Amino acid sequence: ALVLGAQAQHDPQGATALLATVGVRWSVLDRGERQRAQQAEAAVRAEAEMAHTKLDAGHQLAAAWHEVEHQREREQVLCATMQAVADQLLSGRQKQFDHGGATVFEVLRARQVRLEAERRCLEATGQRAWAEVRAWQLLAIGLRGGAP
């Protein structure tokens, strides 16, 4: 590197001095290690962030599939078990009503229970379907190579 410099000096006695400097700076020790170290650090950081992102994506996908399994179990319990019990209750109340052993209000209450069981089943089906959609979205993002 070429180094240039100038300086002017004025004495109170009236003397003026002009100084000029010309020089060459030769960097024997500077071989770009700092830039290479910064680039290496950036590469290591990028690799670590990528590994962290992959690990995080794996955890998110595992949690999503766990949620799918949970929602499937919930749907099965609500749709199979609870609706069957509600159907038996309604059928029993209807038979009792037909033989004079139950009131209209008891039959209506059994119908209400049956409708509530059906509503819960439909809600569980929707939640299970939404959990599956979220899991498939995460899987598609992972296969495409993006971050979730």
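Before we click on anything, one definition: a residue is called buried under 20% relative accessible area, exposed over 50%, and partly exposed in between (1.4 Å probe, protein chains only). Keep in mind that this is a predicted model, where local features need pLDDT of at least 70, side-chain atom pairs count only at pLDDT 80 or more, and totals for chains, interfaces and linings use all residues. Residues are numbered from 1 along each chain as its sequence is written, and side-chain values use heavy atoms, with hydrogens and water left out.

**Stop 1: the strands**

Select Val22, which sits in strand S2; strands (E, at least two residues) and helices (H or I, at least four) are DSSP runs, numbered from the N terminus. Is Val22 buried or exposed? Its relative accessibility is 67%, so Val22 counts as exposed.

Zero of its nine residues are buried, so S2 lies largely in the open.

Next, colour Leu2, Leu4, Val22 and Val24, which make a nonpolar surface patch of about 480 Å². Strand S1 (2-10) and strand S2 (16-24) are the elements that give two or more residues to this patch. Patch residues have over 30% relative accessible area and no salt bridge, with like charges joined within 9 Å and nonpolar side chains (Val, Leu, Ile, Met, Phe, Trp, Tyr) within 5 Å. A salt bridge here is a side-chain nitrogen of Lys or Arg within 4 Å of a carboxyl oxygen of Asp or Glu.

**Stop 2: the disulfide**

How many disulfides does the structure hold? There is one, counting pairs of cysteine sulfur atoms within 2.5 Å. Select Cys79 and Cys121, and you'll find their sulfur atoms 1.9 Å apart. Cys79 lies in helix H1 and Cys121 in helix H2 (residues 104-144), so the pair ties together parts that are 42 residues apart in sequence. The link is right-handed, with 100° about the S-S bond, and both cysteines are buried.

**Stop 3: Gln83**

Stay in helix H1 (residues 33-98) and click on Gln83. At 13% relative accessibility, Gln83 counts as buried. Leaving out residues up to four places away in sequence, Gln83 touches Leu78, Arg114, Ala117, Glu118 and Cys121, where contact means heavy atoms within 4.5 Å.

Terms used: Areas by Shrake-Rupley, 256 points an atom, 1.4 Å probe, with all protein chains shown as cover.
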